[in-house]
Each structure stands twice: as structure tokens, then as C-alpha cells.
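Notebook open, model loaded. I'm jotting down what I looked up, one item at a time.

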Amino acid sequence: GCLEMYNNKTIRLFFILSAIISFVENIIYFFVRCNDLSLFANLTIATVDYYYFWGVGRFINLGHISDLTNFELYKNFLQHNINNKMDTSYWAYPPTINFLICFIALFPYFIGYIIWNFIGLSLFYSACKKYTKNDFNLICILLTSPFLLIAFHYGQTSIIIASLIMLGLYFNKFNSKKINFQYDHSMLSGLLFGLSTIKYPFVLLIPIYLLLTKSYKTLFYMILTSIIMIVLSVICFGLQAWSDYFNILAPWMMHDLKTSSNIVAISPLGVMHTENMQWNIAWFFQIIIMIASIIILFICNIKKYFINKIEQDIFLLSMILYVTPYAHIYDMVILSFPLLYTLHKAYILNKKIYVYILSFMWLFFTFIDWGKILYATSKNMNFFTKCVIHNCTVNLLLMLFLTLTIFLLRDHKDKTLLEKNIIEVFKRIKLRIL
């Protein structure tokens, strides 16, 4: 638990202030974007990405799934039925997500929004409860974290995806070599991983991780769940939906990423491209980081560097966003527990330099999305773009630091030579700061 850390008045005040700042930020964003439109129209601006999920779900429910490739028709439908002041971009999710969005679209817009976030928050609460062993303080911090609030505000899928992956990892640890259904949760773990493939770039490391940890049954059920979802989507929405996705919708999104100068992404691909690096070179670095992450996971498993299963899980979670080619700031909800766990451990071990940097990461994220307010109020869009892009660059570096810290502070028997050298560097940095 984090009772020892949370009893520190300064630490407690830090988390309370970060929650207040994030909440106020989201309220301000709503008001600065309000105009002479109706309350409904203003609220749809505030919900940002949910606008697409509900709108496309309603579009499909009315029998227009084949018209998703007709951008003008799709755009006009969303603007006519929800908000004609909203910018509309391409739809680029695979047809397996259609089951969820079509269900949500059966309800009026804001009732669907409540149900949508209720599903996400319920799953996230369940994951937090499992991983924190029902620690009240930790759960409160996680449920008021800036990571969660921004994802809630956007109405994004990131809360649901992060929760499914966390729960899948949690139940996977109960796998047993003995044939005993009571303790073998491979089917449940595989089901949760399979459901998370509705946003498949976020599960690129999961099959590799399951292979490395010899969780073959979990991997089998993950693949089986994914296949069943694909088959059901073909039955319900037609094979043409998948053809349109691979041949038109997904390429549209990649073209948008490649040509846009205002994509705010925290993946290596997104950061390097928006920092004016050539597209092919940005992809090269993205692939290098993906391969390096896989090699690191392989070495850690072979060498058995992790003896604590939770720390092994959060080590994997910390890698997901920079292995994914496209990740936005709202996707950082998946880092909330790894960051809080590592911050707590650094505090307990009295590793002050780690505590300072990890606290900065938590607080930095609290402020990063003030870019939305700049976007809504600033006339100097060039200034806004540079600020947010550079913030995302810092965020990527902080994510890499989090992975390194999890590795260095993990429970282990003996330090590796690499660790000793890295720790020596941090000692020198600490001495210079002091």
C-alpha cells in the first residue's frame, strides 16, 4: 500500500493539487470553447472524440457502414446530427469496435456518453482494485489522476483498453502448470487481451510477452477471441467493411499522420515527425525502438531480472505507448498505475532523485493538455503547435525514464553491471544538484 507515502502531508497535497488543477483545466477548456451555440452543441465540443464514436455508431445503425469511405457524406451526417461546428476527421478503427459503438449509439448522445465512461471507469476501478489490493488511497489517487481525467473528458477508448490490458496481465499471473480450473485463469486473461484488440496497435507487445513468459494457453485464448470477434464482425457488418478498412480507411489515417503538421502524438513516430524529421526516418526510429523493446523483454525474461510479477507487468505497461506507432496524450492513462507504483517505491527506498523526476512527470502531464486552452484562445497557432509538440517530446523522454526506473528499482537478487553503471551516473547527477 501507499499509506506511508500518502501520510506525508507534502505528498498528499501534491496529489490533491494535481487532481484539482486537472479538473479546473477541463472546466476552463469547456468555457473558452463555448460560443453562441446551444448547450448541447457546446457540450459536444467538450466531449471531443466521443463525438466520433457515437456518430459513427449511429451512422452504422442507420445502415450506412459502406458509406464510411464517402467522407463528405459521413462528415455531413456527423455535423448535421451532432454539431455543425465540429471539425471531422477520417474514421480509422477496425470493424471489431463496431459492436461497442453501435450499442452506445442506441442511446441519446449524453446518456450514451455516461454509459461509455461508466464502462471504462468500472473496468479501470476493477483493475486498480486488483493491483492495489484494494488500497483506498491508491485507488483515490488513480481515479483522480490527470491521466484518467483527460481520457474521461475526451470520451476516448483509452480507459477501456488500458483496463482490459491491466486485468489481462493480472489474471495471467494465476496461470498454473497443474490442471486446476480453480487457479487457471488463462481463458479469462486471453478473453480480456482479445477484447483489447479493438485498438490493436496497443497490444503489439502482448503476444510476444505471452510467448516469452510461456503463457501459451492465454495466447491461444487471446487469438481465439480475436478470431471470433473478426468472424462476428464479418457476419454482422460484411466482409466489405474489412476491405474498406484496409484499403481505404487505414491508409487515409496514415496519410493524415504523414501530411499533417499539427498531429500531437507521444509515440516516437509522432514526436519525431512533428519535430520536422522526415517520415521515413521517423519510421526507422520507431521500428528500432520496437525491436529494442522486444529484445529487452526477451533478455529480462531469459535472465529472470524480475522476481516480482507486478513489477514485471508494469515494466511491460510502461513500454506499450512508445512501441505503438500512434499514441495520443489521452492514451497515457495506461501509465497511471506504473507511474504511481514506481513513485511510491522510490519514496519508500528514499531514492530522492527518482522521486523528483517521477513527480515532475505526474505534474508535467497535469499541465501538458493546457495546450487545448491555448488552441481555443490563441491567435498564434504556430506558437501553440511548437509548445505542444515540444511537450510531447518531453513526455516521450519521461516515458523512457519511467521504464528505466522500473527496471532499476525492481526487486532483484543481484545488480547487473549495467545497473551499477547507471546508478553511478544518477549518484553523480544527484551530487551536482545538491
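I began with α18, where the buried residues are Ser 336, Phe 337, Pro 338, Leu 339, Leu 340, Thr 342, Leu 343, His 344, Lys 345 and Ala 346. Buried here means under 20% relative accessible area, exposed means over 50%, and partly exposed is in between (1.4 Å probe, protein chains only). That leaves α18 mostly covered, with 10 of its 13 residues buried. Helices are DSSP runs of H or I with at least four residues, numbered from the N terminus.

Note on the source: this is a predicted model, with local features needing pLDDT of at least 70, side-chain atom pairs counting only at pLDDT 80 or more, and totals for chains, interfaces and linings using all residues. Residues are numbered from 1 along each chain as its sequence is written, and side-chain values use heavy atoms, with hydrogens and water left out.

After α18 I found Asn 350, with a positive phi near 60°.

How many disulfides does a search of the whole structure find? I got 0, taking a disulfide as a pair of cysteine sulfur atoms within 2.5 Å. The sulfur of Cys 102 has its closest cysteine sulfur in Cys 236, but at 9.2 Å that is too far for a bond. Cys 102 is buried at 10% relative accessibility, while Cys 140 is partly exposed at 30%.

Last, I looked up Glu 275, which sits in the loop between α15 (268-274) and α16 (279-302). Glu 275 is partly exposed at 29% relative accessibility. Its C-alpha is 8.3 Å from that of Thr 393, 118 residues apart along the chain.

Technical notes. Helices (H or I, at least four residues) and strands (E, at least two) are DSSP runs, numbered from the N terminus.
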